[in-house]
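Please open the structure in a viewer and keep the selection tool at hand.

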Amino acid sequence: MTDIRFHGVKPTRATKHSAGYDLRSQLDIVIPAGATVGIDTGTLAIFPPHLCAMVCSRSGLALRGLAVANAPGIIDADYSDTIKVLLHNRTKGDWVIEAGDRIAQLVFVPFVVGGDIPADERTGGLGSTGD
């Protein structure tokens with residue numbers, strides 16, 4: 001079993017075979033038509049460095065016009081802040097999110113890297129490794 005731990009707001013899986021953990025908004029927010037906003041989930045994930053976490057759109061929301069803007073958003077094992085979801089409203093009207101609404105899914109996946117070994121350590125959060 002892979003050691004994945006959560007702090008803050010613990011995400012949940014809908015069924016025993018669900019690959020993704022549901023991430024929820026912590027605030028009531030209105031996303032204007034055509035806008036992209038960052039929504040804090042209050043969830044902090046701790047996981048081994050051979051995994052990354054992908055923030056993915058919920059299919060039902062994406063079908064209706066609300067999707068993760070940078071899908072999938074990649075979270076590295078050394079990211080040490082709560083997970084933010086960048087949601088984009090592709091509709092022509094405002095989209096209302098209420099605190100507790102499921103807004104995205106978090107999926108953990110293994111990955112392979114080459115032989116390079118970066119010298120720098122992460123020093124910040126969202127976007128901290130470059131533009």
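How many aromatic pairs does the structure hold? The model, which is a predicted one, holds 4 aromatic pairs.

**First stop: the aromatic rings**

Select Tyr21 and Phe108. Their ring centres are 6.1 Å apart and their planes meet at 85°; planes over 60 degrees apart count as edge-to-face, so this pair is edge-to-face. Colouring the chain by strand shows where the two partners belong: Tyr21 is part of strand 2 (residues 21-24), while Phe108 is part of strand 11 (residues 102-110). The pair therefore ties together parts that are 87 residues apart in sequence. Is Phe108 buried or exposed? With a relative accessible area of 15%, Phe108 is buried.

Ring pairs link Phe6, Tyr21, Phe47 and Phe108 into a cluster. Next, show Arg13, which lies over the face of Tyr21, at 6.0 Å from the ring centre.

**Second stop: Ser25**

Move on to Ser25, in the loop between strand 2 and strand 3 (29-31). Ser25 counts as buried because its relative accessibility is 1%, and buried means under 20%. What is Ser25 in contact with, leaving aside its neighbours within four places in sequence? Its contacts are Ile39, Asp40, Ile97, Glu98, Ala99, Gly100, Asp101 and Ile103. For one of these, Glu98, a distance may be displayed: the C-alpha atoms of Ser25 and Glu98 are separated by 7.0 Å, although the two residues are 73 residues apart along the chain.

Zoom in on strand 7 and strand 9 (residues 84-89), which run antiparallel and are joined by 3 bridges. Select Val68 here; opposite it stands Leu87 in strand 9.

How many disulfides does the count come to? The count comes to 0 disulfides. Select Cys52 and Cys56 to inspect their sulfur atoms. Cys52 is in no disulfide, and the nearest cysteine sulfur, that of Cys56, is 9.6 Å away. Cys52 is also buried, with a relative accessible area of 8%. Cys56 is likewise in no disulfide, its nearest cysteine sulfur being that of Cys52.

Methods
Residues are numbered from 1 along each chain as its sequence is written. This is a predicted model: local features need pLDDT of at least 70, side-chain atom pairs count only at pLDDT 80 or more; totals for chains, interfaces and linings use all residues. Side-chain values use heavy atoms; hydrogens and water are left out. Rings of Phe, Tyr and Trp (its six-membered ring) pair if their centres lie within 6.5 Å; planes under 30 degrees apart count as stacked, over 60 as edge-to-face and the rest as tilted. Helices (H or I, at least four residues) and strands (E, at least two) are DSSP runs, numbered from the N terminus. Buried means under 20% relative accessible area, exposed over 50%, partly exposed in between (1.4 Å probe, protein chains only). A charge sits over a ring if NZ of Lys or CZ of Arg is within 6 Å of the ring centre and within 35 degrees of the ring normal. Contact means heavy atoms within 4.5 Å. Two strands pair if DSSP finds at least two bridges between them. A disulfide is a pair of cysteine sulfur atoms within 2.5 Å.
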